[in-house]
Amino acid sequence: MKIDDDLNYTILSNNINRKFLMQFSEYPIIDELKFSELKNKIEFHTSKRIVFNNSLYLLRDYEKEEIFDLLKKQNIKYINITNDIEETIYCDYILVYDNNNLVIEGKKETILKEEKLLKKLGYGLPFVVDLSTQLNYYGVFTKIYYEMDDLVGDLWN
């Protein structure tokens, strides 16, 4: 897998094993940590890229947002390996694996349009994407939202 230094990635998979993780051995890999430990690790991180190995699932939404904001502020790019479709809204590029086989990859906006394929693989859509898609069917919007604040702001206007 070729990693573009300018992109943040989410690898969506239900069964990542150590052999799969070995392809990212050049980067620091963070497994499960408490929010405060994760925040400290990022604040003092010296590498330009970091790999999260399903380490964000215990965090609350506002904690995840704070982590991703901190990564952006520190100019640290990341690869987030997860089975949580909600975490895909924070990245630029998504790779979806099934049984360690790459099924689909592409920019976030392209992959999250593949609702049928994602459902076939056991995923839905992130809540904000699903909600804005449904509102598009009723003519409320003509675009897909990836951030709840943007969607709510436009609903109020």
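Which residues does the domain assignment of the protein give to domain 1, and which to domain 2? Select 9-117 for domain 1 and 126-157 for domain 2; these bounds come from an automatic or database domain assignment. The model is predicted, with local features needing pLDDT of at least 70 and side-chain atom pairs counted only at pLDDT 80 or more, while totals for chains, interfaces and linings use all residues. Residues are numbered from 1 along each chain as its sequence is written, and side-chain values use heavy atoms, leaving out hydrogens and water.

With both domains coloured, note that their C-alpha centres lie 24 Å apart. Next, show the contacts (heavy atoms within 4.5 Å), where eight residues of domain 1 meet six residues of domain 2. The two domains bury about 620 Å² between them, 63% of it on carbon and sulfur atoms, buried area being the accessible area (1.4 Å probe) that two parts lose on being put together, summed over both. Now select Glu-86, Ile-89 and Leu-112, which supply 55% of the area that domain 1 buries against domain 2, more than any other three residues.

Finally, select β3 (residues 49-53) and β4 (residues 77-82), which run parallel and are joined by five bridges, and find Arg-49, whose bridge partner in β4 is Lys-77.

Technical notes. Two strands pair if DSSP finds at least two bridges between them. Helices (H or I, at least four residues) and strands (E, at least two) are DSSP runs, numbered from the N terminus.
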